[in-house]
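My notes follow the order in which I looked.

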Amino acid sequence: MEHMHERHEGHTAREGHTGHEEHHHPGSAQPHEHHASAHGAGGPVSWGMAARATLHCLTGCAIGEVLGMIIGTALGWGNAGTMILAIVLAFFFGYALTLRGILAAGVDLRTAVRVALAADTLSIAVMELIDNGVIALWPGAMDAHLSDPLFWIVLAIALAAAFVITTPVNKWMIGRGKGHAVVHRYHH
């Protein structure tokens, strides 16, 4: 979750943290509240921070979407089955990217899963709604094959639209101490 380690007034993400022995330690489920609020949890949130959180979710969603479409196409599935698989995989990879960072910080699996669910569910859901809505409504996009430029052009437009619409949602959530603000509390 490097995206949450931006510079703050007077220090970088790692500077100025000596003497904070009560900071979150690997394996501990208790975050350091002062530190969390210093990084936007429950306070002003920059658009850059929201964009980085959105880009993180979008990466997992895009991996899942493309993989789901490749698998569904390879298996000869219809549009509905392929789209369902792509959505399931988008959630899976979205959560997996978040889990990877939280688990690397030494947080136990149960806590990491709860944090990932709390942090990413709304963001991924909005992205999937926008992304799949664009693809479903774009004339010919649902029937385009992976080798068809229309498929990739519409997918790029759909993902861009999902990013633009989801970024304000993430900004709002982080500003209220939810979404990726929850992830940041555990990632040190």
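**Aromatic pairs**

I find three aromatic pairs in the structure, which is a predicted model. I looked up Phe91 and Tyr95: their ring centres are 6.0 Å apart and their planes stand at 50 degrees, so I log the pair as tilted. Both residues belong to helix α3, four residues apart, about one turn of the helix. Phe91 has a relative accessible area of 21% and is partly exposed. Tyr95, at 16%, is buried, because the cut-off for buried is under 20%.

I then took Phe92 and Phe93. Their ring centres lie 5.1 Å apart with the planes at 90 degrees, so this pair is edge-to-face. I note Phe93 as partly exposed, at 22% relative accessibility.

**Charge over a ring**

I checked Trp47 and found Lys171 over its face, 5.0 Å from the ring centre.

**Thr166**

Is Thr166 buried or exposed? I read 0% relative accessibility for Thr166, so I count it as buried. Thr166 is part of helix α5. Leaving out residues up to four places away in sequence, I list its contacts as Thr54, Ser123, Val126 and Met127.

**Largest pocket**

I read a volume of about 320 Å³ for the largest pocket. Its lining has 20 residues, and Thr73, Asn79, Thr82, Met142 and Ala144 lie nearest the centre. Helices α2 (47-74), α3 (79-104), α4 (109-137) and α5 (149-175) each give two or more residues to this lining. By class I have 11 nonpolar, eight polar and one charged lining residues.

Key: Residues numbered from 1 in each chain as written. Predicted model: local features only at pLDDT ≥ 70, side-chain atom pairs only at ≥ 80, totals over all residues. Heavy atoms only, no water. 1 Å grid on protein atoms, 1.4 Å probe; cavity = no way out; pocket = protein on both sides within 12 Å on 5 of 7 lines; lining within 4 Å. Points joined across faces, edges and corners; volume = space filled by probe spheres on them. Nonpolar A, V, L, I, M, F, W, Y, C, P; charged D, E, K, R; others polar. Buried < 20%, exposed > 50% of the residue type's maximum accessible area, 1.4 Å probe, protein only. Contact = heavy atoms within 4.5 Å. Phe/Tyr/Trp six-rings, centres within 6.5 Å; stacked < 30°, edge-to-face > 60°. Lys NZ or Arg CZ within 6 Å of the ring centre and 35° of its normal.
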